[in-house]
Amino acid sequence: MMKLKPGMIALAVMLLLQTNLFSQDSKFHIYLCFGQSNMEGNARAEAQDSVVDSRFQVLEAVNCENLGRTKGNWYPAVPPLARCRTGLTPADYFGRTMVATLPKDVRVGVINVSVAGCKIELFDKDNFQDYAAKAPAWMTNIIKEYNGNPYGHLVEMAKLAQKTGVIKGILLHQGESNTGDSLWPQKVKTIYNNLLKDLNLDAKSVPLLAGELVNEDQGGTCASMNKIIATLPQVVPTARVISSAGCTDSRDNLHFNAEGYRKLGKRYAITMLSLMGYKVSESD
């Protein structure tokens with residue numbers, strides 16, 4: 001019988017410990033969120049939003065001293081879920097609805113990398129530099145928080161998350177800055193395909209959920225873009241469009257208000273849950 005040398009034993013133990021430390025938990029479901037200001041979160045969170053099930057967590061994408069959070073670590077998903085001083089986002093009530101429906105041993109985590117005011121081109125990993133170079137100073141400052149490359153930062157955080165959980169879906173809310181752009185669905189497809197490739201994901205098990213902009217029933221300034229967003233599933237077969245009908249908005253008619261975010265976020269979850277075989281209604 002072959003004897004193992006002490007050095008080999010130590011190496012084996014170290015590898016075993018690393019495997020246990022970074023093993024994926026199949027019951028930790030992770031969702032990537034990206035877009036512009038409505039995904040970043042524009043409405044101020046209210047008292048009712050401060051209580052959250054500990055099974056719903058956020059991977060902090062930037063260092064937030066004001067929140068006591070450090071980039072790359074998981075925390076209870078109390079808003080804000082994007083950067084340090086952002087507001088309520090569809091991701092908030094997406095996650096809350098998911099954990100309220102899924103088995104009690106399943107956790108849900110979100111990663112939110114969004115940039116207010118940006119065009120979808122900012123997340124094109126091969127061409128974002130051209131767009132970022134012409135961005136206004138206020139947007140440039142946000143981009144800098146993501147190391148100058150929001151797409152690359154999202155992938156970096158996603159790879160970190162994959163050490164502990166499994167990516168189950170991608171949430172997108174963007175389009176205000178691309179209103180009228182008939183090529184938007186194709187641009188989104190490119191980004192979606194890049195995420196699948198860079199994170200070694202299978203489209204069949206990682207759907208893309210894209211939300212409508214503030215609806216025409218609320219006087220949405222960019223509501224015409226919803227007709228273009230509606231065509232996304234024709235370009236990306238695994239995409240689903242989330243209706244914003246009846247989701248109340250703020251005075252600018254560009255952003256949802258807190259209640260609108262709650263309703264829209266729940267609709268994202270209902271769509272995702274239906275794909276998983278669960279039946280949930282807005283009244284539940």
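**Cysteines, strands and a helix pair**

Visitor: How many disulfides does a search of the whole structure find?
Guide: One. Keep in mind that this is a predicted model.

Visitor: Which cysteines form it, and how far apart are the sulfur atoms?
Guide: C64 and C84. Their sulfur atoms lie 2.1 Å apart.

Visitor: Where do C64 and C84 sit in the chain?
Guide: They link distant parts of it, 20 residues apart. C64 is in the loop between β2 (56–59) and β3 (74–76). C84 is in the loop between β3 and α3 (90–101).

Visitor: Left-handed or right-handed, that disulfide?
Guide: Left-handed, because the torsion about the S-S bond is about -85°.

Visitor: And is C64 buried or exposed? What about C84?
Guide: C64 is buried, at 0% relative accessible area. C84 counts as buried too, with 12% relative accessibility. The cut-off for buried is under 20%.

Visitor: What about C33, what is its nearest cysteine sulfur?
Guide: That of C118, 14 Å away. C33 is in no disulfide. C33 is buried, with a relative accessible area of 0%.

Visitor: In which sense do β1 and β4 pair?
Guide: Parallel, over eight bridges. β1 covers residues 28–35. G35 stands opposite S114 in β4.

Visitor: And β2 with β4, over how many bridges?
Guide: Three, again in the parallel sense. Here F56 stands opposite V108 in β4.

Visitor: Now helices. How do α6 and α7 cross?
Guide: Their axes come within 11 Å and cross at roughly 35°. α6 is residues 150–161, and α7 is residues 184–198. α6 passes α7 in a right-handed crossing.

Visitor: Which residues meet there?
Guide: From α6, Y151, L154, V155 and K159. From α7, I191, N194, L195 and D198.

Visitor: What's the make-up of that contact by class?
Guide: Five nonpolar residues, one polar and two charged.

Definitions and conventions
Residues numbered from 1 in each chain as written. Predicted model: local features only at pLDDT ≥ 70, side-chain atom pairs only at ≥ 80, totals over all residues. Heavy atoms only, no water. Disulfide = S-S within 2.5 Å. Helix = DSSP H or I, 4+ residues; strand = E, 2+ residues; numbered from the N terminus. Buried < 20%, exposed > 50% of the residue type's maximum accessible area, 1.4 Å probe, protein only. Pairing = 2+ DSSP bridges. Axes fitted to C-alpha atoms, helices over the stretch in contact; angles between N-to-C directions. Left-handed = near helix turned anticlockwise from the far one by under 90°. Contact = heavy atoms within 4.5 Å. Nonpolar A, V, L, I, M, F, W, Y, C, P; charged D, E, K, R; others polar.
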